[in-house]
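Student: Hi! Could you walk me through this structure?
Tutor: Happy to, let's look at it together.

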Amino acid sequence: MLTSDVRRARIAERVEYKGHVSVAELIRVMRVSRMTVYRDLALLEGEGRLHRVRCGATAFPSARFEDGADWMTWRLTQQQAA
């Protein structure tokens, strides 16, 4: 079983790497309860490490991209794919 600090660090890394994670994914991967995930996400958001959204979390653009141009390119690609 992971300590809470290690678990939160892994959640933050996963969000930064993937850009978005769902609560269901975190429950499955971290093997913890839904409420534990919600508490961890709330704490990480309070630390400014991610942004909570409905049923998950997203990374701040600055955490994933070096500059605004990279962010805009990624965002345009996402919009075109949709």
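Predicted model: local features only at pLDDT ≥ 70, side-chain atom pairs only at ≥ 80, totals over all residues.

Student: Great. What order do the strands of the open sheet have?
Tutor: The order is E1-E3-E2, three strands with antiparallel pairing. Strands here are DSSP runs of E with at least two residues, helices are runs of H or I with at least four, and both are numbered from the N terminus. Two strands count as paired if DSSP finds at least two bridges between them.

Student: And which strands stand at the edges?
Tutor: E1 (20-22) and E2 (51-53) do; each has a single partner strand, so one side of each lacks a neighbour in the sheet. From one strand to the next, the twist averages 25°.

Student: How many bridges join E1 and E3?
Tutor: Three, in the antiparallel sense, with E3 covering residues 56-58. Val21, for instance, has Ala57 in E3 as its bridge partner.

Student: Which strands does H1 lie across?
Tutor: H1 (residues 4-18) lies across E1 and E3, at about 125° to E1. Helix H2 (residues 23-30) also packs on the sheet, touching E1 and E3, and its direction makes about 75° with that of E1. Contact means heavy atoms within 4.5 Å. Axes are lines fitted to C-alpha atoms, for helices over the stretch in contact, and angles between N-to-C directions run from 0 to 180 degrees.

Student: Switching to H3: how far apart are its end C-alpha atoms?
Tutor: They are 18 Å apart, which agrees with the 18 Å that the 13 residues of H3 (residues 34-46) should span at 1.5 Å a residue. The expected span is 1.5 Å times one less than the number of residues.

Student: Which residues of H3 are buried?
Tutor: Thr36, Val37, Asp40, Leu41 and Leu44. Buried means under 20% relative accessible area, exposed over 50%, and partly exposed in between, using a 1.4 Å probe and protein chains only. Seen down the axis of H3, the buried residues fall within an arc of 130°, so they line one face of the helix. That arc is taken from the directions from the helix axis to the C-beta atoms.

Student: What covers them, and what's on the face turned away?
Tutor: The cover includes H1, H2, E2 and E3. The face turned away from the buried side carries the exposed residues Arg39 and Gly46. Just after H3, Gly48 takes a positive phi of about 80°.

Student: Now, how many salt bridges are there?
Tutor: The count comes to seven, with a salt bridge being a side-chain nitrogen of Lys or Arg within 4 Å of a carboxyl oxygen of Asp or Glu.

Student: Which side chain meets Arg7 in a salt bridge?
Tutor: Asp40, at 2.5 Å from N to O. The pair links distant parts of the chain, Arg7 in H1 and Asp40 in H3, 33 residues apart.

Student: Is Asp40 buried or exposed?
Tutor: Asp40 counts as buried, at 1% relative accessibility. Arg7 is buried too, at 9%.

Student: And what does Arg8 pair with?
Tutor: Arg8 forms a salt bridge with Asp40, the closest N and O atoms being 2.9 Å apart. Asp5, Arg7, Arg8 and Asp40 are linked in a network of salt bridges.

Key
Residues numbered from 1 in each chain as written. Heavy atoms only, no water.
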